[in-house]
Amino acid sequence: MLWNANGLRNHIDNLQVILDTKNIDICLISETHFTKESYITLKNYQIYHTIHPKNCARGGSAVIIKKSILHYEDDKIQSEEFQATSITLYTQT
């Protein structure tokens, strides 16, 4: 799932319902508007996020992934122009 949230904290209840009812494995979020002081949790999901380097409530990205999926967080890209969050999935060969 891909979503431009334009401020994720305002939509957290709706997001949890969508993730659960649609059985979403991975959700990519743009425009989280998180700062160092803001964070969310979602039942059964791990959240990785990158904030704007000036710690202002604009921009930002997040990857939300089911805890049951084997993965790890990669390096974040955090610049004035864009903020990127990435993960690597473990797959069977």
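Tutor: Start with Glu73. Its relative accessibility is 31%, so Glu73 counts as partly exposed. The scale: buried is under 20% relative accessible area, exposed is over 50%, and partly exposed is in between, with a 1.4 Å probe and protein chains only.

Student: What kind of model is this, and what are the ground rules?

Tutor: This is a predicted model, in which local features need pLDDT of at least 70, side-chain atom pairs count only at pLDDT 80 or more, and totals for chains, interfaces and linings use all residues. Residues are numbered from 1 along each chain as its sequence is written, and side-chain values use heavy atoms, with hydrogens and water left out.

Student: Back to Glu73. Which side chain meets it in a salt bridge?

Tutor: Lys76, at 3.6 Å from N to O. A salt bridge here is a side-chain nitrogen of Lys or Arg within 4 Å of a carboxyl oxygen of Asp or Glu. Lys76 is partly exposed, with a relative accessible area of 43%.

Student: How many salt bridges does a search of the whole structure find?

Tutor: Four. One of them pairs Asp25 with Lys66, with the closest N and O atoms 3.4 Å apart. That pair links distant parts of the chain: Asp25 sits in the loop between α1 and β2, Lys66 in strand β4, and they are 41 residues apart. Helices (H or I, at least four residues) and strands (E, at least two) are DSSP runs, numbered from the N terminus.

Student: Is Lys66 buried or exposed?

Tutor: Buried, at 15% relative accessibility. Asp25 is partly exposed, at 39%.

Student: Which residues are linked in a network of salt bridges?

Tutor: Lys54, Arg58 and Glu80. Arg58 and Glu80 bring their closest N and O atoms to 3.6 Å. This pair also links distant parts of the chain: Arg58 is in the loop between β3 and β4, Glu80 in the loop between β6 (77-78) and β7 (83-84), 22 residues apart. Arg58 is partly exposed at 43%, and Glu80 is partly exposed at 32%.

Student: New topic. Which residues touch the most other members in the largest nonpolar core?

Tutor: Leu15, Leu19, Leu42 and Ile64, out of 16 residues in that core. Elements giving two or more residues to the core are α1 (12-21), β2 (26-30), β3 (45-50) and β4 (61-66). The most come from α1, with three residues. By core I mean buried Ala, Val, Leu, Ile, Met, Phe, Trp, Tyr and Cys residues joined through side-chain atoms within 4.5 Å.

Student: What is Leu15 in contact with, leaving aside neighbours within four places in sequence?

Tutor: Met1, Trp3, Leu8, Cys27, Leu42 and Ile64. Contact means heavy atoms within 4.5 Å.

Student: Which α1 residues are buried?

Tutor: Ile12, Leu15, Gln16 and Leu19. They lie on the same side of α1, because they cover an arc of only 100° around the axis. That arc is taken from the directions from the helix axis to the C-beta atoms. On the other side of α1, Asp13, Asn14, Val17 and Thr21 are exposed.

Student: And what covers the buried residues of α1?

Tutor: The cover includes β1 (2-4), β2, β3 and β4.

Student: What comes after α1?

Tutor: Asn23, with a positive phi near 55°. Most residues other than glycine have a negative phi. Two further residues with positive phi are His33, near 60°, and Asn44, about 70°. His33 is in the loop between β2 and β3, and Asn44 is in the loop between β2 and β3 too.

Student: Now Tyr48. Where is it, and is it buried or exposed?

Tutor: Tyr48 is in strand β3. It is buried, with a relative accessible area of 14%. Beyond neighbours within four places in sequence, its contacts include Val63, Ile65, His71 and Glu73.
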